[in-house]
Amino acid sequence: MELVQLPNPTATRIRSRTGFSPTLGELLKHVEDAQNDNPNAPTQHVLDLNSTPNSSHPFVLSFANLTYSVKVRRKMILSPCFTSNHDLLPENDATDAKTDNAATKILLNDISGEARDGEIMAVLGASGSGKSTLIDALADRISKESLKGSITLNGDVLESRMLKVISAYVMQDDLLFPMLTVEETLMFSAEFRLPRSLSRSKKKARVHALIDQLGLRNAATTVIGDEGHRGVSGGERRRVSIGIDIIHDPIVLFLDEPTSGLDSTSAFMVVKVLQRIAQSGSIVIMSIHQPSYRILGLLDRLIFLSHGQTVFSGSPASLPPFFSEFGHPIPENENRTEFALDLIRELEEAPGGTKGLVDFNKQWQLKNKRISEKTISGIPKVSLKDAISASISRGKLVSGAPAGTSTSNDSTQLAAASSVHKFANPLWIEMAVIAKRSLTNSRRMPELFGIRLGAVLVTGAILATMFYHLDNSPKGVQERLGFFAFAMSTTFYTCAEAIPVFLQERYIFMRETAYNAYRRSSYVLAHSIISVPSLVFLSFAFAATTFWAVGLAGGTSGFLFYFLTIVASFWAGSSFVTFLSGVVSHVMLGFTVVVAILAYFLLFSGFFISRDRIPPYWIWFHYISLVKYPYEGVLQNEFDLNPPRCFVRGTQMFDSTPLMEVPEALKVELLKSMSKTLGINITSSTCVITGADVLKQQGVTQLSKWNCLWITLAWGFFFRFLFYLTLLFGSKNRRR
């Protein structure tokens, strides 16, 4: 690739030796760092592709007559003391209702346009105009049933499966792991997005080049940070967010207000990076609130929205003639976009609204459409399949190397989709990368595991001292039952800390899986596997603290089963809490639900009331109680021994009765009298109740202790599967 200096000093044209627009990887080697750009120079980088404005294989994203409306609740008219400022309308894009009684709200109203590779298309408008809604519509973040109109790429209808492969979406919020450095964040993204055929050294070189291109070299080894940990600046976070989604060189890049919350210099640098991404042969579509003069010089196409309608669509250069013909010429020294937005806001507040401007824009578009059709009539159209194949062949990785698979469907788009992998890597590599990233992030916050270990040790120490060396008496039996019930339920309650783990990662997960960074199954399996070592360590700490101190029976084999039961309980509890975190979306709500359900599990476990005494209409809850099975398992481990242990002998049967305070001699006489009546010789040393009798009294007769262990483990796998289903069907990140 070579740089060609054109006679025009205000433009630099970059030509690839292949004849196509250079990929991002090529641009990274030749374009200066964004920090070195002269912000005052009104220059604009333009790609020269075979000496024509269009590449040999251009991508054109067209959208026509996009209409989207939602059902809204009617506002209740209450007295002033009950009124609130709560907005019942969806998101910030919702247009203001004409009346409080409106049942349907139109967010997009017959919007059309097109975006081309090598260009940045910006959607502008005031808050609530529909900017983000339009971006979501183009990015397939609105269900097909709700969105009317058509979206095509090179004339082919753009299906969801295809769009996920060739595009990326950068959310308005920077969703990043706080304890990873900038370089690590981009490297993990490269591991997800780039194919296995690319060596790690090449991936690392690509990450370093991208860091330089994003102007992040000085922050490469700095952690992202959060409220409790100091990290990179807001502008750097935004560029990192963009970097993780462009590491695989997507053909289409969507951004929801990438300059929001940034100062003018940081915002300019971000858009400068986006311009270079576009120059690599990508379509860049972004929403922006109010661009500065310098940013306006980097944009190629503009769409102004007002209450979901298009009031202007065209290049920045056409803004002056457009408003001049409309009768509101833009003053020479005034920012064009600021003037346009101020005028639109004035018209919105006027009695006639923006209807006149909308109608004028339609006439303007018809006139310009005839001119543009004459201009491009000689340029041959390229099918989507050929355009994608050419793009991959010259280095745009999209989402992996050619899959080499074919499909029996003759559809052009399916044929194009078959030229690339749906996912860049196999499942086991995705699992390894997810596990490594999670462990790296967790390792830098050791206080989280330390607090959980401390809670387990403190609980174990309290139980060990409270139930120290229990004897084989009727009281010892009751105390053992209480110990086991509390110990098993404690293992479940200590798993409640897993609720915020996924809730904090939920939107990162949704962003990454929405565009096929990895499979949902990989995420579930990876997090299940990496949770096991910590659960085993916690279980051993709890078991070792309590088993010998309490004086439980069974020796080494008894301790082993006791330890395995605690591991199974931790596993089932962790899986159950993880599943609930996929269902509920708020931390406090999650804790409330978990505590309540675990309390019900303990209530129906068989400790407070035996199975035979549970009402028939509640017996089903007894069998789904997670506490029931480990509780019954450890009871059998303690009481069902060979040879059997005796827990009530002779006069001990009077314990816990009004006769307990009777002198021992009188108790012996009572035993003699009972022996004569029953015909059985009962002495002070006669065993009355064994461990097997205790189990019968508690209703623990249906399952063996090993079956209880396997069922507890199975509950864990079952809830992990339910968690996967919630991610599969409940994390689509799409509007309805």
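**View 1. Domain 1 and domain 2 both line the largest cavity.** At least three lining residues come from each of domain 1 (116-146 + 160-368) and domain 2 (445-651 + 692-731); domain bounds come from an automatic or database domain assignment. The model is predicted: local features need pLDDT of at least 70, side-chain atom pairs count only at pLDDT 80 or more, and totals for chains, interfaces and linings use all residues. Residues are numbered from 1 along each chain as its sequence is written, and side-chain values use heavy atoms, with hydrogens and water left out.

**View 2. The largest cavity holds about 160 Å³ of space.** A cavity is a set of points, on a 1 Å grid over the protein atoms alone, where a 1.4 Å probe fits but cannot get out; lining residues have an atom within 4 Å of a point. Points are joined across faces, edges and corners, and a volume is the space filled by probe spheres set on them. The structure has six cavities of 30 Å³ or more. Fifteen residues line the largest cavity, and Ser189, Ile244, Arg437, Arg511 and Glu512 lie nearest its centre. Helices α4 (182-193), α6 (234-246) and α17 each give at least two lining residues. α4 gives the most, with five. Helices (H or I, at least four residues) and strands (E, at least two) are DSSP runs, numbered from the N terminus. The lining has eight nonpolar, two polar and five charged residues. Ala, Val, Leu, Ile, Met, Phe, Trp, Tyr, Cys and Pro count as nonpolar, Asp, Glu, Lys and Arg as charged, and the others, Gly among them, as polar.

**View 3. The second largest pocket has about 1500 Å³ of space.** A pocket is an open set of grid points with protein on both sides within 12 Å along at least five of seven lines. This pocket is lined by 46 residues; Ser442, Leu448, Glu497, Val501 and Glu505 lie nearest its centre. Elements that supply two or more of its lining residues include α14 (427-443), α15 (446-466), α17 (499-514) and α18 (520-550). The largest share, nine residues, comes from α18. By class, the pocket lining has 26 nonpolar, 11 polar and nine charged residues. Domain 1 and domain 2 each provide at least three of the pocket's lining residues.

**View 4. α14 crosses α18 at roughly 50°.** The two axes come within 8 Å. Axes are lines fitted to C-alpha atoms, for helices over the stretch in contact, and angles run from 0 to 180 degrees between N-to-C directions. α14 and α18 are therefore oblique to each other. Angles under 35 degrees count as roughly parallel, over 145 as roughly antiparallel, 65 to 115 as roughly perpendicular and the rest as oblique. The crossing of α14 past α18 is right-handed: the near helix is turned clockwise from the far one by less than a right angle.

**View 5. α19 packs against α20 (residues 587-603) at about 140°.** Their axes are 11 Å apart. That angle makes α19 oblique to α20. α19 passes α20 in a right-handed crossing.

**View 6. Asn642 and Pro643 are joined by a cis peptide bond.** Its omega is near 5°. Pro643 sits in the loop between α22 (628-639) and β14 (646-649). Most peptide bonds are trans, and most residues other than glycine have a negative phi.

**View 7. Asp110 has a positive phi of about 55°.** Asp110 is not a glycine. Strand β5 (residues 104-116) contains Asp110.
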